[in-house]
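Me: I have a model open on my screen and would like to learn how to read it. Could you walk me through it feature by feature?

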Amino acid sequence: MALIDLGRGGAGGRGTDGTPTKKPRLVMVVADPGRESAAAMEWALSHAIVEGDDILLLHVNMPLHHPNSGGAAGSGGAGPSRSSSGGSASSPIAALLGGGAGADGVDFMEAMRAACKARYPRARVHGERVEPATEGREAKAQTILAESQRRRVELLVIGHRRCSSFLRLRSSSGKSSGGKGSSSGKSSSGSSRGHDSTAEFLIEHSKCLCVSVQKKGQNAGYLLNTKTHKNFWLLA
């Protein structure tokens with residue numbers, strides 16, 4: 001399978017007067033206080049972002065009970081989504097700072113921003129928290145999609161939530177039962193039951209390239225998904 005084409009990075013060339021001929025590429029990374037977001041940030045910094053890119057860290061303030069909140073209840077992360085209003089970084093995000101002094105008490109957005117600046121000191125890094133633009137199961141995905149389109153993002157990176165064994169078993173049972181509405185294994189949004197509906201929604205509907213990232217163990221690499229690449233394994 002061909003490698004994933006991540007598009008043009010950096011600020012482009014310069015004209016005869018020394019001014020840039022192209023605007024910097026804007027890369028959006030979905031920010032949440034959990035291991036999925038940490039893995040996405042880690043992959044983006046090491047494989048996707050280049051010198052000259054602008055980086056936008058976007059967090060959607062979802063209610064704690066929402067299935068796609070991105071916190072402990074929503075994605076298996078260490079800490080609720082609402083920690084964006086002043087909570088400390090969870091250990092996966094703090095690890096982006098290399099476990100250095102002061103990392104444990106840092107807000108997860110600040111930890112991600114610091115990781116970006118440590119890797120690319122001259123990069124313009126913005127962190128924004130927004131409220132969901134709609135309601136319903138896909139509110140988070142629709143909000144991220146709207147923000148990416150409004151800001152003309154060229155590359156969107158999101159952590160892919162692991163499907164639990166219970167959900168996989170439930171999905172398989174639904175397919176084998178042959179009951180009406182369960183044989184397809186699909187939710188109303190069209191994504192596979194038990195899968196990360198936010199990542200799948202964005203991959204399907206984003207006008208720009210969207211890459212979902214799932215880390216496979218400490219040194220086993222990453223499992224990537226885009227609209228044209230499914231379960232693409234990239235070794236660490």
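Me: How much of the protein chain is made up of buried residues?

Reply: This is a predicted model, and in it buried residues make up 46% of the 236 residues in the protein chain.

Me: What secondary structure does the protein chain have, and in what pattern does it run along the sequence?

Reply: You will find seven helices and seven strands. Going along the sequence, the pattern is β-α-β-α-α-α-β-α-β-α-α-β-β-β. As for contacts between residues at least 6 apart in sequence, 61% of them join residues at least 24 apart.

Me: Where does pLDDT stay under 50?

Reply: The general idea is that where pLDDT is low, the predicted coordinates should not be read in detail. In this chain the average pLDDT is 75, and 61% of the residues score at least 70. Two stretches call for that caution. Over residues 72-87 pLDDT stays under 50, and the model has 49 contacts beyond four places in sequence for them. Residues 164-194 also stay under 50, with 26 such contacts in the model.

Me: Now a helix pair. How do the axes of α5 and α7 cross?

Reply: Two packed helices are described by the angle between their axes and the distance between the axes. Here, helix α5 (residues 139-150) and helix α7 (residues 197-205) have axes that come within 9 Å and cross at roughly 35°. The crossing of α5 past α7 is right-handed.

Me: Which residues of α5 and α7 meet?

Reply: On the α5 side look for K140, A141, Q142, I144, L145 and Q149; they meet T198, F201, L202 and H205 of α7. The residues of this contact divide into five nonpolar, four polar and one charged.

Me: Which residues of α7 are buried, and what do they pack against?

Reply: The buried residues of α7 are S197, T198, A199, F201, L202 and I203. They pack against α5, and also against β4, β5 (209-215) and β6.

Me: Let me try the backbone. Which residues have a positive phi although they are not glycine?

Reply: First the general idea: most residues other than glycine have a negative phi, and most peptide bonds are trans. R152 has a positive phi of about 60°, and N231 has one of about 50°. To find them, go to the loop between α5 and β4 (155-159) for R152, and to the loop between β6 and β7 for N231.

Me: Are R152 and N231 buried or exposed?

Reply: The cut-off for exposed is over 50% relative accessible area. R152 counts as exposed because its relative accessibility is 70%. N231 is exposed too, because its value is 52%.

Me: H229 is in a loop as well. Where is that loop, and is H229 buried or exposed?

Reply: H229 lies in the loop between β6 (222-225) and β7 (232-234). Its relative accessible area is 10%, so H229 is buried. The side chain of H229 also makes a polar contact of 3.0 Å with the side chain of T228.

Notes. Residues are numbered from 1 along each chain as its sequence is written. This is a predicted model: local features need pLDDT of at least 70, side-chain atom pairs count only at pLDDT 80 or more; totals for chains, interfaces and linings use all residues. Side-chain values use heavy atoms; hydrogens and water are left out. Helices (H or I, at least four residues) and strands (E, at least two) are DSSP runs, numbered from the N terminus. Buried means under 20% relative accessible area, exposed over 50%, partly exposed in between (1.4 Å probe, protein chains only). A polar contact is a pair of N or O atoms within 3.5 Å; within protein, one must be able to donate a hydrogen and the other to accept it, and residues adjacent in sequence count only if both atoms are side-chain atoms. Axes are lines fitted to C-alpha atoms, for helices over the stretch in contact, and angles run from 0 to 180 degrees between N-to-C directions. A crossing is left-handed if the near helix is turned anticlockwise from the far one by less than a right angle, and right-handed if clockwise. Contact means heavy atoms within 4.5 Å. Ala, Val, Leu, Ile, Met, Phe, Trp, Tyr, Cys and Pro count as nonpolar, Asp, Glu, Lys and Arg as charged, and the others, Gly among them, as polar. pLDDT is the predictor's confidence in each residue, from 0 to 100.
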